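Hi,

Here is the structure I promised to pass on. Have a look at it first, and then read my notes below.

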Amino acid sequence: MGRLGRLFDTRDARVRMVLLDLSGLGYLLVVPHSGSAPTVTQWILAVAAFAAALVTYRRPVVNLVLQTALLAVAVCLIDDFTINQVGASWALLEVTMLSARARTIWLGAGLLAVVDLTDSIGDPLRQVASGVVGLALEVGVPVLLGLVIRTNRELGRQAVERTLAEQRRRESESRAARADERSAIARELHDVVAHHVASMVLRVGVARHVLTDLDPRVDEVFDDVHGTGTAALAELRRLVAVLRNPDGVRGDAALTAIEPSALPSALGAAVDRARQGGITVEADIDAAIGSLDAVRGLAVLRLTQEALTNVARHAGPAARAHLVVALHAGAVHWEVTDDGGGVDGDSAPTAVPAGGGHGITGMSERVEVLGGRLEAGPTGTGWRVRTVLPNTLPETAAGPAPRAREVPAASAAPEPA
């Protein structure tokens, strides 16, 4: 049914005409005729009808006029004018299917009916009545079939339009739902998280001024907590701005880009903060990562911050950690290992760092978006997490990268798990 339906498609008019001409040729050569074989005049009129159908297949009205004229000549000159009659009826079908105006259809039907009835001029009343009934086949059937095809085609077009409209409506509703969800998250971040972080920063600042003659080490800790809280508050404000108006910051450019040249210093700042927390960190950072693209650069920074935060949380300040960031053939090889800190060497580490949280899950999701796979698990008495970020980004992360912003040293603080 699909191929049969395509036969009446507008683009397949030439195919229809070729099939019609072949069937007419078969009628002349194969079908037995009463009396003698087809005459020369019959062949001439048939070939003219075949040629007209092929030449004017893109102009159905012109084809109908030519086929009707050939039919009128055939009615006057030959007895068997079936070929020309079928050609004129098919031309009327084409006009009915393709004409943009209904008046053209009815004028064509009337013209063909008049020519068909000329064969009954001078015949007895019974034969004239038989000719009128024959118009139902020669004129009525093509018009009816053409109208059915037009109606089905229009219904199909309307169904496609309704489907597209429904798809656009669902997309609009989905965008509205996401916008509402972003607004709700933004309100929670602003009203709860940002409020508490701001309160913490304020209280640390007050403590620094109230408590005098502090030990320099305590004063250094206060400075670190105040700087980290201020940076976290700035990131929260950027996140709230993105959630409330993503288009206003070119998607999430403020959160998904880092100036490539700033990546080594940002990683160094993350390592320094981990060392300030008491962890002994050995860092092997390839200088070539300064040419890394913005998307993978930010991923490396966030993975490093998260991994060192987990070392401090789960292995303790006595732990020793080793960070490796290398670039080989365009792929980023990243790894962080620790010795477990105060964990007894005779006991095996747990399968998952104690304390729960979504740190490893978030790291894994970030890596998978970039086409890599995160490996995390125990090694000796410590823990190791590593991955390889491929050179070719998947489609979800590809595309023109937004203009990167340079990450200040304060923003290199470890993210919470």
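Contact here means heavy atoms within 4.5 Å, and helices (H or I, at least four residues) and strands (E, at least two) are DSSP runs numbered from the N terminus. Keep in mind that this is a predicted model, where local features need pLDDT of at least 70, side-chain atom pairs count only at pLDDT 80 or more, and totals for chains, interfaces and linings use all residues. Residues are numbered from 1 along each chain as its sequence is written, and side-chain values use heavy atoms, with hydrogens and water left out.

Let's start with helix H12, residues 359-369: its buried residues are Gly359, Met363, Ser364 and Val367 (buried is under 20% relative accessible area, with a 1.4 Å probe and protein chains only). Down the helix axis they fall within an arc of 125 degrees, so they line one face of H12 (the arc uses directions from the axis to the C-beta atoms). Their cover includes helix H11 (294-315) and strands S3 (331-338) and S5 (382-389).

How do H11 and H12 pack? Their angle is about 165 degrees and their axes are 10 Å apart (axes are lines fitted to C-alpha atoms over the stretch in contact, with angles from 0 to 180 degrees between N-to-C directions). That makes H11 roughly antiparallel to H12, a label for angles over 145 degrees. Among the residues making the contact are Leu303 and Ala307 of H11 and Ile360 and Met363 of H12.

Elsewhere, alanine 109 sits in helix H6, residues 102-117. Alanine 109 is buried, at 8% relative accessible area. Leaving out residues up to four places away in sequence, alanine 109 touches Leu92, Val139 and Val143.

Cheers

Key:
Buried means under 20% relative accessible area, exposed over 50%, partly exposed in between (1.4 Å probe, protein chains only). Angles under 35 degrees count as roughly parallel, over 145 as roughly antiparallel, 65 to 115 as roughly perpendicular and the rest as oblique.
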